[in-house]
Amino acid sequence: MAAEIVNPRSDSTTDSGIQRTSAADTGADEPFDPAFALHRGGKMAVQSTVPIRDKDDLSLAYTPGVAKVCSAIADNPELVHDYTWKSQVVAVVTDGTAVLGLGDIGPEASLPVMEGKAILFKQFGGVDAVPIALATTSVDEIVDTVVRLAPSFGGVNLEDISAPRCFEIERKLQERLDIPVFHDDQHGTAVVTLAALRNAAKLSGRTLGDLRGVISGAGAAGVAIAKFLLEAGIGDVAVADRKGIVSRDRDDLTDVKRELAELTNRAGISGSLEKALAGADVFIGVSGGTVPEEAVASMAPGAYVFAMANPNPEVHPEVAHKYAAVVATGRSDFPNQINNVLAFPGIFAGALQVRASRITEGMKIAAANALADVVGDELAADYVIPSPFDERVAPAVTAAVAAAARAEGVARR
């Protein structure tokens with residue numbers, strides 16, 4: 001699959017013949033909008049990898065030559081990996097219920113984001129991806145549909161599916177499929193957060209075990225980050241939702257949050273997010289909203305503030321820098337951007353490279369460690385995580401994930 005990023009030009013067509021918008025397309029009285037210009041006709045296309053120049057080429061690529069390959073695969077299904085694109089392509093699946101910060105906008109409106117995800121797979125990981133937007137929000141219908149589509153793909157990237165349904169969908173698909181299933185809103189965010197936090201701690205001579213963290217947001221990302229940080233060895237972490245800290249003494253918790261209450265908050269804090277931040281070493285924001293400056297000021301000396309809501313961080317960097325040793329956001333116009341594109345292309349590339357049956361916790365931790373190591377001797381308060389455009393990132397993550405898959409026994413080659 002070819003994914004081409006084209007700069008908008010008036011009266012332009014791409015090399016593939018896709019018509020792009022011009023200033024005239026928007027109407028005489030309408031201002032030219034480069035976002036619409038770039039999206040005109042979509043952001044991706046399918047491209048052949050073999051030539052069809054004459055009847056001999058046609059007879060090899062299609063009938064009768066293709067029949068030999070089909071028969072061989074029928075006799076030995078494992079050959080599908082060698083003679084089709086299956087092991088090189090990922091399905092990017094959504095139901096459009098939690099798209100960026102836009103919420104439940106439906107499958108059609110989600111497609112520009114899914115196309116964007118697909119071209120990021122290609123651009124940053126060399127992995128082909130196909131956007132699939134489903135016209136259902138039923139957990140079982142989504143699971144059944146993806147299972148039926150799975151023979152065409154080497155992996156499934158779940159995207160922008162609302163919590164708590166996303167947890168059940170991922171779990172059921174992992175149980176029924178023998179290919180990697182990865183909900184990027186959960187695990188991609190968690191991997192990049194851990195990488196940045198490891199380097200922030202290293203910068204100040206601490207380890208994860210020395211840290212107490214507070215996460216604002218108990219949705220997909222917040223739950224996954226909390227579990228992942230505990231797996232990686234953080235000293236303690238508490239998670240807050242709209243009603244305060246997720247704790248065992250609350251009687252209004254969903255099943256997911258009840259499990260979270262059992263795993264997190266070893267300090268036994270109850271009450272508000274602001275109360276939990278007093279003396280905390282780490283703030284991680286994945287919820288939106290605003291954290292009062294006085295709550296940030298109450299954190300431990302040398303704290304880390306990762307305010308990742310877009311476009312408005314929970315703590316503005318100017319405020320965070322008054323009190324924190326390291327500040328990160330989800331925005332590209334500030335240093336230390338926590339961006340999932342640092343993780344998911346390399347994670348899938350590594351998993352596909354060894355035909356992994358699933359993506360394990362060990363593979364995700366290996367990805368985070370490799371990502372942190374890319375920074376190397378350049379480590380600084382404004383550089384605890386590399387840029388998505390650092391060409392070292394994807395190869396490092398790919399190699400680490402492939403090695404971890406082999407070590408954990410889920411690799412099939």
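**View 1. Phe 348 is buried, with a relative accessible area of 0%.** Buried means under 20% relative accessible area, exposed over 50%, and partly exposed in between (1.4 Å probe, protein chains only). This is a predicted model: local features need pLDDT of at least 70, side-chain atom pairs count only at pLDDT 80 or more, and totals for chains, interfaces and linings use all residues. Residues are numbered from 1 along each chain as its sequence is written, and side-chain values use heavy atoms, with hydrogens and water left out.

**View 2. Aromatic pairs: the count comes to 4.** Rings of Phe, Tyr and Trp (its six-membered ring) pair if their centres lie within 6.5 Å. Planes under 30 degrees apart count as stacked, over 60 as edge-to-face, and the rest as tilted. Phe 124 and Phe 389 are edge-to-face, because their planes stand at 65 degrees. Their ring centres are 5.6 Å apart. This pair links distant parts of the chain, 265 residues apart. Phe 124 sits in helix α5 (residues 107–125). Phe 389 sits in the loop between α15 (361–375) and α16 (393–407). Helices (H or I, at least four residues) and strands (E, at least two) are DSSP runs, numbered from the N terminus. Phe 124 is buried at 18% relative accessibility. Phe 389 is exposed at 66%.

**View 3. Phe 182 and Phe 348 form an edge-to-face pair.** The centres are 5.7 Å apart, with 85 degrees between the planes. Phe 182 belongs to strand β4 (residues 181–183) and Phe 348 to helix α14 (residues 344–353), 166 residues apart. Phe 182 is buried, with a relative accessible area of 1%.

**View 4. One aromatic cluster is formed by Phe 121, Phe 182, Phe 344 and Phe 348.**
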